[in-house]
Every structure is written in structure tokens, then in C-alpha cells.
Amino acid sequence: MMKKRMSNGYDKMGESSTDTTLSSYVSTEEETDWEMRPGGMLVQKRNQNSGVSSPDVRLRVVYGAMRYEISVNSQATFGEVKKRLTAETGLQPSEQRVIFKGKNRQNGEYLGMCGVKDRSKLVLMEDPASIERRFIQIRRNAKIQTAQRAINHVSMELDKLTDQVSAIEKSISNGAKVPEVQITTLIDMLMRQAVKLDDVAAEGDAVAQKHLQGKRVHRCVETLETLKISNGRAKVGGDVIVRTLWEKIDPSHPAMAPWEIFE
């Protein structure tokens with residue numbers, strides 16, 4: 001009887017101890033968070049709320065002839081390093097290629113797992129596709145500036161020609177007759193400006209400026225064509241009739257041939 005009771009007591013103690021150990025293990029497992037690192041390694045997830053902070057590391061960055069030294073967290077990624085370098089170089093993260101130990105590092109790779117330590121050297125290069133895009137944009141901007149200069153030159157010429165159109169319009173409206181050659185010459189000068197506008201390869205904002213100046217030319221030519229018709233109806237000197245010498249002396253006398261005068 002006693003032996004049996006001792007055995008039961010031992011079993012209960014064993015079961016109690018096992019339950020306590022299992023409960024502690026399960027509790028520990030529940031409290032631990034895990035994350036998958038690049039390369040398939042399962043590690044304990046970093047706790048942002050923990051009181052222990054990761055140390056910073058100083059990195060030496062070579063970018064062409066420039067040298068930079070930045071400080072980042074030792075558990076940072078290369079993507080975070082690129083964001084930090086944007087403030088130094090002006091290059092956006094998508095335009096950067098960071099080389100460490102001869103390899104182009106991806107944004108999601110961690111510094112520590114790649115062997116980056118304090119005072120490690122990184123090589124920064126601009127992405128070739130980014131260089132090509134910038135070169136294309138520079139050429140496009142140069143073309144736009146050239147077009148704008150040409151359009152501005154035409155605009156200044158049109159200012160002068162418009163003043164001449166206004167002067168002719170005022171003279172004709174006051175009843176004066178303007179030499180027709182003056183009107184046709186002015187139309188020809190306006191058409192030359194129109195040809196210059198056609199030769200301008202406009203892009204961007206220059207397209208709207210070119211269209212605006214083209215409208216100015218069209219309005220001036222239309223105005224001159226209308227003035228040309230009105231000018232043709234105008235009388236020289238207002239209402240002057242040219243007469244022969246004998247008609248001025250005797251308006252009722254019929255015109256005579258020269259030989260009739262001496263007979």
C-alpha cells in the first residue's frame with residue numbers, strides 16, 4: 001500500500017513538472033517572433049520597442065571623384081543607404097547602384113548579412129538607364145530653348161509690323177490713299193515671318209507660343225487684304241478731278257485736236 005502511494009505521488013510530481021516545463025516552452029515560443037532574412041535564414045525578428053538599440057556604422061562611399069562618409073544603423077538595408085545618399089548626391093534611389101565587394105547590392109539586402117562593418121567602403125554608380133534618360137531630357141530641353149528663342153525673335157518682328165499695319169489702317173480710315181506697293185510689301189514681310197514659324201520645331205510650351213504668333217500673322221494679313229480693297233476705292237486728294245488746260249479755261253468747249261487750234 002505504501003509503495004503504491006509513493007508511486008502515485010511520484011507520478012503526480014513528474015506530471016506536474018512536465019506540464020510546467022511544457023507550459024514554459026509554449027509560452028516562450030508564443031512570445032518570440034521570427035522573420036525570414038534574404039537567403040532563407042530564419043532569425044528572431046527585431047523588436048522596435050526593445051530598449052536595446054543597434055549600433056551605427058560609418059560607411060565610406062565613393063562616387064566618381066567625390067567621397068562621402070555617412071552613418072547608418074548596422075541593421076539597415078542597402079535600400080535605406082540609398083535613401084540616405086539621395087541627400088548627399090541628389091540621385092534618387094532608383095537611379096543608384098551600390099557596389100559592395102564587387103557585387104551590385106539589392107534594396108532588400110541587409111548590411112550585416114553582406115559583411116558590411118564600420119568603415120566599410122561602398123562604390124556608388126548612377127544607373128546607365130538613368131544616364132540615358134537624363135541625356136535625352138537635356139537634348140529635349142535644348143531643343144525647346146532653341147525654339148523659344150526663334151519664336152521670341154519672330155514675336156519682336158511682328159510687334160514692329162503690327163505697328164505699321166495700324167498706321168496704314170488709320171490713314172485709310174481718315175480718307176487718305178496709301179500706295180498699294182506699301183501694303184503688298186508689308187504683306188510679303190508678314191508671310192516671311194510665317195515661314196520662319198513653320199521652320200521652328202516646337203515642343204512643350206513652345207508649341208502654344210508658336211501657335212499664338214501664327215494667329216497674329218494671320219490676323220495682320222487679313223487686315224491688310226481688307227485695307228487693300230478699301231484703299232483701291234479711295235480718291236486721290238479726296239475729290240480732285242484732273243482736266244486738260246482748255247477744259248479748265250472753258251469747260252463747255254469740246255476737246256480739239258492740236259491741228260484744229262491753229263486753223
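Helices (H or I, at least four residues) are DSSP runs, numbered from the N terminus. All views show a predicted model.

**View 1. Helix H2 and the glycine that follows it.** Just after H2, glycine 90 has a positive phi of about 85°.

**View 2. The two faces of H2.** Buried positions in H2 are Phe78, Gly79, Val81, Lys82, Leu85, Thr86 and Thr89. They lie on the same side of H2 because they cover an arc of only 155° around the axis. Exposed residues Lys83 and Ala87 sit on the face turned away from this buried side. The cover over the buried residues includes strands E3 (56–63), E4 (66–73), E5 (96–100) and E7 (120–126).

**View 3. Salt bridge between glutamate 126 and arginine 134.** The closest N and O atoms of this pair are 2.2 Å apart. Glutamate 126 counts as buried because its relative accessibility is 11%, under the 20% cut-off. Arginine 134, at 39%, counts as partly exposed.

**View 4. Salt bridge between glutamate 180 and lysine 228.** The side chains meet at 3.8 Å, N to O. This pair links distant parts of the chain, 48 residues apart: glutamate 180 belongs to helix H4 (residues 180–198) and lysine 228 to helix H5 (residues 205–233). Glutamate 180 is partly exposed at 47% relative accessibility, and lysine 228 is partly exposed at 29%.

View 5. Arginine 192 and aspartate 188 meet at 3.2 Å, N to O. Both lie in H4, four residues apart, about one turn of the helix. Arginine 192 is exposed at 53%, whereas aspartate 188 is partly exposed at 38%.

Definitions and conventions
Residues are numbered from 1 along each chain as its sequence is written. This is a predicted model: local features need pLDDT of at least 70, side-chain atom pairs count only at pLDDT 80 or more; totals for chains, interfaces and linings use all residues. Side-chain values use heavy atoms; hydrogens and water are left out. Buried means under 20% relative accessible area, exposed over 50%, partly exposed in between (1.4 Å probe, protein chains only). The arc is that of the directions from the helix axis to the C-beta atoms. Contact means heavy atoms within 4.5 Å. A salt bridge is a side-chain nitrogen of Lys or Arg within 4 Å of a carboxyl oxygen of Asp or Glu.
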